[in-house]
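Please look over the model below before reading the points.

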Amino acid sequence: MACDHNKTTSGVNHTIYSFDRVSAVATGWMFDFMFVSLCRRFKEGKLKEFNEALQPFQAISLSPSVKGELYKEKEMICAFLARVMHGEQLDALFEEDDDSVMPLMSAAKIWTTLEHTVADECLFETITNLLIVQSVAVCLEKGQRTSASSALRWFENNINLPRNLRVQLSKIVAQGDTYHRFLKSFSFNHLLEMVQSFVAAYLEKNPSDYLLKAATEVLQSSHNIENLDDVSPDSPVSQTTNESTKTKRKLLSTNMADLWKPESSKKPFISVRRLSSNELSQWRSEKPQSTTVIQKTRTKRKWTFLLDKYLKEGVKRHGEGNWAHILLDYDFEGRTSTMLKDRWRVLKRNYKV
């Protein structure tokens, strides 16, 4: 019997649920907690901790309690983050049936299945273009022009590759120009920033921090916030800690906006589910490289008359809001689609358009 109804002496009815039902709810909370943890590790760029968190996440994802569409969606997001996290490591393998598919190429394949999770169409298109460009750019940075050409051909056969983007990248690969201005507009750091924006928006729409908030409340309920060593995991929220201990701990933030700079690590990667089958293959490389630190600061550059002309022509051709398309048609000297949007607002405000 799933549950029984027992009447207490006070006349209040208490429903006693079976362990399986309670366990299912708890498993869902643990899944969400690990999902948020992976998002946080991605934001921090902590590859070692990210890989370690994948192991329990994988184990929990195998439970029958987490087989709904929302859980599957979060699992695919984590698979996507794992590939982006290893994007600069060409020897990291995710496709067991094709070892020529590099991390960002595999990430692009998964990204196409996540389009319904992205509310901002421009953001989806921007990340798609960044994945394509960086798949080629990383190969050039490693001195592997042949791999860059192979990556470009792979995208032509597997992803809807815009013609102007293909032409631009083909020229860059032929020249072997690692420092081309176009590549600066679609840098790896910019890719990480855009993915972080996507994850932040997803977490805001799909809160997954119940367990994190509950744990924080336990800590906040203590009379002495400094005495955290004696808090029992199963203690009620109203329970206080031993005031004799003076260890300082910083409370975990439950603000999803705060979950968003990478570091480095050298631990083998354990992947999550594959796109083409039930499970993803394990990473077989033994020497991952360090991830790149996201630089948040930008040097302010002056908009010239020629750049404004490019922007106006681009809007006339593609329409306002299609900044990713406009960015592909002209050389904006390393500027991003966000910078184009901001400049267009300035021009409109000053009645120059």
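## Notes on the model

1. Asp32 is buried, at 14% relative accessible area. Buried means under 20% relative accessible area, exposed over 50%, and partly exposed in between (1.4 Å probe, protein chains only). Asp32 sits in helix 1 (residues 19-44). Helices here are DSSP runs (H or I, at least four residues), numbered from the N terminus. Beyond its neighbours within four places in sequence, Asp32 contacts Tyr71, Lys74 and Ser208. Contact means heavy atoms within 4.5 Å.

2. Ground rules. This is a predicted model, where local features need pLDDT of at least 70 and side-chain atom pairs count only at pLDDT 80 or more, while totals for chains, interfaces and linings use all residues. Residues are numbered from 1 along each chain as its sequence is written, and side-chain values use heavy atoms, with hydrogens and water left out.

3. Ala148 belongs to helix 6 (residues 145-158). Its relative accessibility is 0%, so Ala148 counts as buried. Setting aside residues up to four places away in sequence, Ala148 touches Val136, Cys139, Leu140 and Val173. The C-alpha atoms of Ala148 and Ser170 are 9.4 Å apart, with the two residues 22 apart along the chain.

4. Asn158 is also a helix 6 residue. At 45% relative accessibility, Asn158 counts as partly exposed. From its C-alpha atom to that of Met105 the separation is 9.6 Å, for residues 53 apart along the chain.

5. Ser187 lies in the loop between helix 8 (181-185) and helix 9 (188-205). Ser187 is partly exposed, with a relative accessible area of 22%. Apart from neighbours within four places in sequence, Ser187 contacts Leu130 and Gln134. The C-alpha atoms of Ser187 and Val133 are separated by 8.2 Å, and these residues are 54 apart along the chain.

6. Which residues have the most contacts inside the largest nonpolar core? They are Phe80, Ile127 and Leu131, in a core of 84 residues. Helix 5 (residues 121-141) gives the most to this core, with twelve residues. A nonpolar core is a set of buried Ala, Val, Leu, Ile, Met, Phe, Trp, Tyr and Cys residues joined through side-chain atoms within 4.5 Å. Leu131 touches Phe80, Val84, Leu104, Ala107, Ala108, Trp111, Phe155 and Leu191, not counting residues up to four places away in sequence.

7. Now a helix pair. The axes of helix 11 (residues 305-318) and helix 13 (residues 337-349) come within 11 Å and cross at roughly 95 degrees. Axes are lines fitted to C-alpha atoms over the stretch in contact, and angles run from 0 to 180 degrees between N-to-C directions. Helix 11 and helix 13 are therefore roughly perpendicular (65 to 115 degrees). Asp308, Leu311, Lys312 and Val315 in helix 11 meet Leu340, Arg343, Trp344 and Leu347 in helix 13. By class, this contact has five nonpolar, no polar and three charged residues.

8. Confidence last. The mean pLDDT of the chain is 77, and 74% of its residues reach 70 or more. pLDDT is the predictor's confidence in each residue, from 0 to 100. It stays under 50 over residues 236-271, where the model has 103 contacts beyond four places in sequence. Over residues 273-298 pLDDT also stays under 50, and the model has 85 such contacts beyond four places in sequence. Where pLDDT is low, the predicted coordinates should not be read in detail.

Definitions and conventions
Helices (H or I, at least four residues) and strands (E, at least two) are DSSP runs, numbered from the N terminus. Angles under 35 degrees count as roughly parallel, over 145 as roughly antiparallel, 65 to 115 as roughly perpendicular and the rest as oblique. Ala, Val, Leu, Ile, Met, Phe, Trp, Tyr, Cys and Pro count as nonpolar, Asp, Glu, Lys and Arg as charged, and the others, Gly among them, as polar.
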